[in-house]
Amino acid sequence: MPLVLSLLVLAFSVVTLIDIITRQDWQVKHLPKFGWIILAIVIPIVGGIAWWAAGREYPERPARAPRSEPLRAPSIRIVDDRRMEGRSTEQQLADLEREIEADRLRAEIARRKAERGEA
């Protein structure tokens, strides 16, 4: 058990040092990069935790607006927008209904072929 704990501390220290060294100077907060390296070497656990908590500059995430409506399932079929330009909603719905009917007929044909093949 002490060996595993020692290896974990060593791995944590190495990962922390690699991260400190590979950061640019503008990505380091509160101390110069050399100060963080010394802290991580002299006090590995505390220095590593301090680096990951306070010394590292994380990329900013864009603020999200609260959602007022529930998420919808994504559409399965991707439609080419160029084909839809200049078409009215009614025309698009008619195309969709034709596609649904064609799929239904294809499934019916496949079912009948399977029945014929089995009989």
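Is His30 buried or exposed? His30 is exposed, at a relative accessible area of 68%, where exposed means over 50%, buried under 20% and partly exposed in between (1.4 Å probe, protein chains only). His30 lies in the loop between α1 (2-22) and α2, and its phi is near 75°, a positive value in a residue other than glycine.

A quick word on the model. It's a predicted one, with local features needing pLDDT of at least 70 and side-chain atom pairs counting only at pLDDT 80 or more, while totals for chains, interfaces and linings use all residues. Residues are numbered from 1 along each chain as its sequence is written, and side-chain values use heavy atoms, with hydrogens and water left out.

On to the helices (DSSP runs of H or I, at least four residues, numbered from the N terminus). α2 and α3 pack at about 140°, their axes 5 Å apart; axes are lines fitted to C-alpha atoms over the stretch in contact, and angles run from 0 to 180 degrees between N-to-C directions. That makes the pair oblique, a label left over once under 35 degrees is called roughly parallel, over 145 roughly antiparallel and 65 to 115 roughly perpendicular. On the α2 side, Trp36, Leu39, Ala40, Ile41 and Val42 make the contact, meeting Pro44, Gly47, Ala50, Trp51 and Gly55 of α3 (contact means heavy atoms within 4.5 Å).

α2 gives the most, with 4 residues. Ile45 sits in α3 and is partly exposed at 39%.

Then there's charge. The structure holds 7 salt bridges, each a side-chain nitrogen of Lys or Arg within 4 Å of a carboxyl oxygen of Asp or Glu. Here are some of them:

| Salt bridge | N to O distance |
|---|---|
| Arg23 and Asp19 | 3.2 Å |
| Arg104 and Glu101 | 2.5 Å |
| Arg112 and Glu108 | 3.0 Å |

Arg23 and Asp19 are both buried. Arg104 and Glu101 are 3 residues apart in α5 (residues 89-118), so about one helical turn separates them. Arg104 is partly exposed at 45%, as is Glu101 at 36%. Arg112 and Glu108, 4 residues apart in α5, are likewise separated by about one helical turn. Shared partners link Glu108, Arg111, Arg112 and Glu115 into one salt-bridge network.

Definitions and conventions: Helices (H or I, at least four residues) and strands (E, at least two) are DSSP runs, numbered from the N terminus.
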